[in-house]
Amino acid sequence: MATGTQAYGESWYWDNRYTNEPGPFDWYQKYITLAPIINLYVPKNQSILVVGSGNSAFSQGMVDEGGYKDVVNIDISSVVIDAMQKKYRDRPQLKYLKMDVRDMSAFASETFGSVIDKGTLDSILCGNNSRQHATKMLEEIWRVLKAKGVYILVTYGAPLYRLRLLRDSCSWTIKLHVIEKLASEEKSVNPLWELTKPIPLNNDGSSVDETLGLNPDVHYIYICTKEISANSNVKA
């Protein structure tokens with residue numbers, strides 16, 4: 001049986017974790033720190049999908065503080081979905097469904113205007129057959145997005161490790177933002193880079209190192225816009 005990070009793609013691991021750690025937990029960043037980038041790219045009047053939602057308070061923040069009206073959350077763990085359905089049973093803006101992001105056949109193609117991912121792709125990349133499973137996940141996200149919809153990927157993966165995976169999977173136009181790995185909700189007095197300003201991004205991503213220096217202490221935010229092209233390898 002897989003252990004540690006290798007089990008991140010397995011439902012039993014998350015069922016055990018959420019049984020033993022039921023309190024809310026946000027991977028990487030909370031809504032308050034990412035709100036400027038969410039507001040920049042995600043319109044209020046569309047359906048939004050949050051994948052690998054866990055017991056994060058992020059989606060609640062989108063509704064309470066951001067004014068979003070339709071936030072659908074999926075997770076592979078029935079334990080956490082049951083808990084979140086009970087917690088938000090009186091909040092029609094927040095929906096919780098047990099679903100594997102690698103198979104979202106319950107959703108019709110072109111259902112959502114935006115998909116938000118904080119750490120789910122990273123988790124799948126920790127497991128066995130990671131490239132195959134990550135590609136399936138990205139193809140499914142591309143499928144359920146509307147044309148020109150955006151996939152917002154928050155990850156520790158630098159362009160060297162993420163650009164090829166994203167580009168090989170589906171037809172995207174990609175912008176890159178970064179946010180510092182802050183331990184608190186306080187804004188940095190002198191941020192390494194302005195959050196809402198895209199980083200110059202060349203084909204292999206080497207321009208990011210030239211801009212920020214080697215190994216910057218940041219989370220990367222890829223803004224992937226779905227493109228429909230003649231040579232697209234995934235059909236909506």
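The structure is a predicted model, so local features need pLDDT of at least 70 and side-chain atom pairs count only at pLDDT 80 or more, while totals for chains, interfaces and linings use all residues. Residues are numbered from 1 along each chain as its sequence is written, and side-chain values use heavy atoms, with hydrogens and water left out.

**Arginine 143**

- Arginine 143 is buried, with a relative accessible area of 14%; buried means under 20%, exposed over 50%, and partly exposed in between (1.4 Å probe, protein chains only).
- Its side chain makes a polar contact with the side chain of serine 109 at 3.3 Å. A polar contact is a pair of N or O atoms within 3.5 Å; within protein, one must be able to donate a hydrogen and the other to accept it, and residues adjacent in sequence count only if both atoms are side-chain atoms.
- Asparagine 39 is 104 residues from arginine 143 along the chain, and their C-alpha atoms are separated by 23 Å.

**Salt bridges**

- The whole structure has nine salt bridges, each defined as a side-chain nitrogen of Lys or Arg within 4 Å of a carboxyl oxygen of Asp or Glu.
- One of them joins aspartate 70 and lysine 95 (2.8 Å, N to O). Aspartate 70 sits in the loop between H3 and strand S2 (71-75), and lysine 95 in strand S3 (residues 94-98), 25 residues apart.
- Lysine 95 is partly exposed, at 35% relative accessibility.
- Another pairs lysine 148 with glutamate 227 (2.6 Å, N to O). Lysine 148 lies in strand S5 and glutamate 227 in the segment after S7, so this pair ties together parts that are 79 residues apart in sequence.
- Within that pair, lysine 148 is exposed at 56% relative accessibility, whereas glutamate 227 is buried at 18%.
- Arginine 102 and aspartate 100 also meet in a salt bridge (2.9 Å, N to O); arginine 102 is buried at 15% and aspartate 100 is partly exposed at 26%.

- Lysine 226 lies in strand S7 (residues 218-226). This lysine is buried yet has no salt bridge, and the nearest side chain of opposite charge, glutamate 110, is 4.1 Å away (Lys and Arg count as positive and Asp and Glu as negative; His and the chain ends are not counted).
- The side chain of lysine 226 does reach the backbone oxygen of leucine 145, at 2.6 Å.
- Valine 154 belongs to strand S5 (residues 145-155) and is buried, with a relative accessible area of 1%.
- Beyond its neighbours within four places in sequence, valine 154 has contacts that include Tyr28, Leu34, Asp117 and His219; contact means heavy atoms within 4.5 Å.

**Helix H2**

- In helix H2 (residues 31-41), the buried residues include Tyr31, Leu34, Ile38 and Tyr41.
- The buried residues of H2 pack against helix H3 (58-64), strand S4 (112-118), S5, strand S6 (172-180) and S7.

**Cysteines**

- The structure holds zero disulfides, a disulfide being a pair of cysteine sulfur atoms within 2.5 Å.
- For cysteine 126, the nearest cysteine sulfur is that of cysteine 224, 19 Å away.
- For cysteine 224, the nearest is that of cysteine 170, at 9.5 Å; cysteine 224 is buried, at 0% relative accessibility.

Definitions and conventions. Helix = DSSP H or I, 4+ residues; strand = E, 2+ residues; numbered from the N terminus.
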